[in-house]
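Subject: Structure for your review

Dear colleague,

Please find below the structure that I am handing over to you.

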Amino acid sequence: MTAAALETRGVSKSFGALAVARDISLTLPRGARRGLIGPNGAGKTSLVNLITGVLKPSAGRVLLDGEDITHLPQAARARRGLARTFQINQLFRGLSVLENLCLAIGERTGACNNLFRPAGSKPQVIEEALEHLAAHRLIEDALKPVRELAYGRQRLLEIAMALAQHPRVLLLDEPAAGVSSHESHFILDALERLDSDIAILIIEHDMDVIFRFAREITVLVGGAVLMEGSPEEVAKDPRVRAVYLGEEEPRGGGGG
Amino acid sequence: MQHLANVGISILFDGLAYAMILFVISVGLSVTMGLMGFVNLAHGAFAMAGGYVTVSLTTRYGVPFPLALAAAFVLVGAGSIAFERLLYRRLYAAGELDQVLLTIGLAFMAIAGYTFVYGPEPQSVKVPGYLGGRLDLGFGTFPAYRVFMIAIGAVLICGLWYGFERTGLGARIRAAVDNRAMARSIGIDVDRLFTLTFALGSGLAALGGGLAVNLIGLTPTFATQYLVLFLIVVAVGGLGSIKGTVLAALVLGVFDNAGKYLYPDGGGFFIYAITVLLLLLKPAGLYGRE
Amino acid sequence: MAASKPDLAARARAAEFLLRRHRLRAAEALPWLAAVLAYFVFPGHLVFGSQLLIMVLFALSLDLILGYAGIVSLGHAAFFGTGAYTAGMLAARCGWTEPLSGLLAAGAAAALVGWVSGWFLLRYRGLALLMLTLATAIMLQELGNVRADITGGFDGLTGITIAPLLGRFHYDLYGHTNYLYALAVLFLLFLLVRRIVYSPFGQALTGIRENVRRMHALGSPVHRRLVVAYTIGAAIAGIAGGLFAQSNEFVTLGVLGFDRSAAVLVMLILGGAGRLYGAFVGAAVYMLLEDYLAKLSPEFWEFGIGLLLVLTVLFARRGLLGLLEDAGRHFGRGAPR
């Protein structure tokens with residue numbers, strides 16, 4: 001029985017009295033397409049931060065391909081095949097698009113350990129970077145500094161950077177956020193072309209994206225898992241509807 | 001044995017007086033850095049300005065010493081508002097490096113200016129007669145001036161503590177130090193608060209500078225010479241914490257004084273070693289927010 | 001998916017650019033030509049010239065640490081001073097007067113201090129790092145004072161005699177040998193730094209400076225990279241310090257002080273950090289201004305440099321080279337970074 005690509009067991013995190021994650025147990029098999037939804041402040045990004053190592057859990061464990069990575073620093077987890085995108089683009093804005101990807105590939109392949117040979121002597125890194133750019137149709141922007149790129153294309157680059165790490169598990173934090181409607185289909189196309197072997201968790205508020213992309217959905221409310229199920233099950237569940245639409249159930253007794 | 005105890009008490013006493021100066025000058029720096037995150041390396045220059053104002057007022061115009069101190073507080077405090085409004089404000093969003101560079105530049109200009117006006121020689125303050133002798137405190141006699149410094153320091157500590165912990169203004173400052181964005185969103189005018197705090201802090205620095213003249217001397221290099229000391233008091237105590245500044249000033253002041261007394265060469269080593277060790281363990285200082 | 005023709009052309013261009021970026025450009029010969037020319041045109045100013053070259057080297061070492069790796073340090077003089085005292089004490093106390101090995105020892109000692117302090121300090125950023133670097137340098141300064149009997153304390157270490165370079169080149173009053181010595185050392189170390197900056201490691205440093213969060217997420221061993229850069233920067237600063245001690249045959253504890261750390265920082269910012277040649281421009285402007293203005297009056301100099309610094313931070317943040325780049329772009333020539 002092969003281990004799941006990603007698993008969290010009872011992961012909890014509190015800042016003093018504030019609990020951002022309560023006993024979250026999640027399993028992502030290989031090739032998973034999991035959506036993570038929930039109202040604002042539900043702890044979705046915190047969960048991603050806990051999985052990637054930005055935050056240390058107060059309790060619980062995180063396992064990557066069966067290996068316990070709970071005490072590993074962020075970079076070590078990334079080197080084991082765990083990649084993420086950020087809700088707000090974290091790119092190298094002063095560098096060109098191509099250089100951004102070369103960095104990602106260089107760190108993955110260990111090329112960046114080299115102090116004495118010029119970056120130009122590693123044509124394989126540049127070739128691979130160009131391949132990624134071509135796949136996302138960013139070639140014409142290759143030499144442009146990132147800060148001059150349209151926001152939607154920056155978002156695409158953010159995804160390309162994570163993919164350049166050749167991840168086995170990919171965590172996407174609102175990849176379509178802030179992207180105009182006529183640019184968002186580039187993002188969706190990119191998501192659909194993702195390798196079927198990669199286990200993917202995608203946080204999104206855009207329900208169209210979630211329902212189109214996810215095969216399973218986890219609903220997070222107040223730091224705890226409310227329910228998990230197929231998109232249809234989730235859409236029909238009255239608790240989910242209550243959380244999103246604020247429908248109040250009739251209460252017995254006074255109050256209000 | 002009695003002699004040793006006397007020497008010990010004497011060192012402690014001197015260290016206490018020195019610590020008071022460090023506190024009075026550094027507390028403003030701690031609160032403004034904690035409040036706005038602004039690294040102000042020109043703070044030593046404000047203290048120096050207070051020193052020179054006090055010197056001029058007492059020696060050239062015959063103003064009584066306590067009044068001169070108060071005048072230094074008001075003049076430098078008010079004057080600092082111009083710096084904050086015209087220059088510092090532009091770099092609140094910039095990184096530490098930019099702030100460091102700007103304020104170092106201002107400190108250099110201040111040093112040059114004061115050298116030009118006053119010359120490079122050490123200055124002294126005309127101290128009133130009742131502060132010139134020694135006082136018998138029961139357990140020993142001590143220089144009256146040092147007693148005065150400790151007394152003023154104690155009064156200021158109590159006053160600032162009360163102001164910080166018990167008044168509405170203090171509460172607003174503490175809130176803004178804790179979480180600037182949150183404070184803004186509940187209606188606290190953080191910018192105006194900062195100008196006020198900055199003026200108070202600079203005024204206090206000037207007061208401390210005026211007090212310091214007859215203890216540690218005053219030359220135009222005061223601004224950078226003691227800057228390192230003020231910075232480590234602030235860093236060790238923790239930004240935005242009066243309690244921390246008091247503790248750090250006490251520990252560092254007493255140890256530095258004792259160190260220099262016991263080991264005239266390199267006695268200063270101890271406080272820097274303490275600082276490095278402490279910051280490695282608690283990078284936010286004793287009472288700083290993480 | 002067949003690539004379109006404009007796509008292929010764009011790919012080729014992009015690859016070409018990156019592959020060739022590290023190649024030497026003609027304009028890069030200028031500072032060296034100027035330095036060699038100065039040897040012949042200003043024979044009476046070579047003592048000043050060597051000090052200038054030493055400061056360029058010192059500023060260059062800070063550029064690697066600050067301009068490329070983004071480590072904001074207020075204590076870079078710690079390494080300069082360590083190097084200066086190593087070379088100085090080897091000559092004055094141990095009778096080891098051979099200059100090149102003295103220089104190597106200076107670099108090695110500074111590298112050690114850089115490695116150990118960097119390993120601890122570079123876990124922090126921002127104000128904590130600023131304070132730790134400052135406190136470390138002052139701590140070393142005070143340590144030097146503790147054993148003033150060996151180091152000479154604030155009065156200074158005298159009796160530093162240096163044997164002729166390579167056994168053959170003697171030192172004259174006009175500083176001919178020292179100038180060429182400093183120039184040769186600067187040239188070699190500059191080539192080293194330039195290599196590092198254009199290497200994949202150098203790119204990683206830039207990445208850490210620009211966005212450390214992203215670097216962590218990419219799996220970059222950030223702390224290790226920073227320590228390596230810090231150690232190399234420290235070694236080069238130490239060699240600059242060694243040259244300083246050897247050429248002046250005198251060194252005081254001031255080489256470890258805040259003023260020295262502040263001065264090299266100002267030099268680099270004036271010229272433009274993260275540009276390699278900013279160190280040349282900045283150190284030259286600083287030293288020339290100091291030489292000229294301080295002769296008029298020390299206050300003029302101090303005021304002038306303070307004002308220049310304030311103006312640079314407010315209006316020319318990327319230094320003189322940054323201004324030149326902006327001017328170049330304005331007049332149509334696009335300069336690649």
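This is a predicted model: local features need pLDDT of at least 70, side-chain atom pairs count only at pLDDT 80 or more; totals for chains, interfaces and linings use all residues.

For the complex, the predictor gives an ipTM of 0.91 and a pTM of 0.91. Chain C has an average pLDDT of 91, and 97% of its residues score at least 70. Within chain C, confidence is lowest in helix α1(C), residues 5-20, where the mean is 79. Confidence in chain C is highest in helix α11(C), residues 222-248, at 97.

How the chains meet

Two pairs of chains are in contact, and of these, chains A and C share the most contacts. Chain A and chain B do not touch, and their nearest C-alpha atoms are 13 Å apart.

Where chains A and C meet, 40 residues of chain A are in contact with 33 residues of chain C. On the chain A side, α2 (74-79), α3 (97-109) and α4 (123-135) of chain A each supply at least two residues. The largest share of that side, eight residues, comes from α3(A). Sorted by class, the side of chain A that touches chain C has 22 nonpolar, nine polar and nine charged residues.

Where chains B and C meet, 33 residues of chain B are in contact with 34 residues of chain C. The elements of chain B that give two or more residues to this side are α4 (96-118), α10 (227-237) and α12 (269-281). Which of the elements provides the largest share of the side of chain B that touches chain C? It is α4(B), with 15 residues. By class, the side of chain B that touches chain C divides into 22 nonpolar, seven polar and four charged residues.

The sheet in chain A

Chain A contains an open sheet of four strands, in the order β2-β1-β4-β5, with antiparallel pairing. Its edge strands are β2(A), residues 18-28, and β5(A), residues 67-68, each of which pairs on one side only.

Strand β1(A), residues 6-15, runs antiparallel to strand β4(A), residues 59-64, and five bridges join the two. You can follow this pairing residue by residue: A:T8 has A:V62 in β4(A) as its bridge partner, and A:R9 has A:R61 in β4(A).

Strand β4(A) is also joined to β5(A), by two bridges, and these strands run antiparallel. Here the bridge partner of A:L63 is A:D68 in β5(A). The strands β4(A) and β5(A) form a hairpin with two residues between them, and A:D65 in the turn has a positive phi of about 55 degrees.

Helix α1(A), residues 44-52, lies across β1, β2 and β4 of chain A and runs at about 65 degrees to β2(A).

A helix pair in chain C

Helix α4(C), residues 77-92, packs with helix α6(C), residues 126-146, at an angle of about 30 degrees, and their axes are 8 Å apart. Because angles under 35 degrees count as roughly parallel, α4(C) is roughly parallel to α6(C). In this contact, C:A77, C:A78, C:G81, C:T82 and C:Y85 of α4(C) meet C:T136, C:A137, C:L140 and C:G144 of α6(C). The residues of the contact divide into five nonpolar, four polar and no charged.

Yours sincerely,

A colleague

Methods
Residues are numbered from 1 along each chain as its sequence is written. Chains are lettered from A and ligands numbered from 1 in the order in which they are written. Two strands pair if DSSP finds at least two bridges between them. Two residues are in contact if their C-beta atoms, placed from the backbone, lie within 7 Å. Axes are lines fitted to C-alpha atoms, for helices over the stretch in contact, and angles run from 0 to 180 degrees between N-to-C directions. Ala, Val, Leu, Ile, Met, Phe, Trp, Tyr, Cys and Pro count as nonpolar, Asp, Glu, Lys and Arg as charged, and the others, Gly among them, as polar. pLDDT is the predictor's confidence in each residue, from 0 to 100. Angles under 35 degrees count as roughly parallel, over 145 as roughly antiparallel, 65 to 115 as roughly perpendicular and the rest as oblique.
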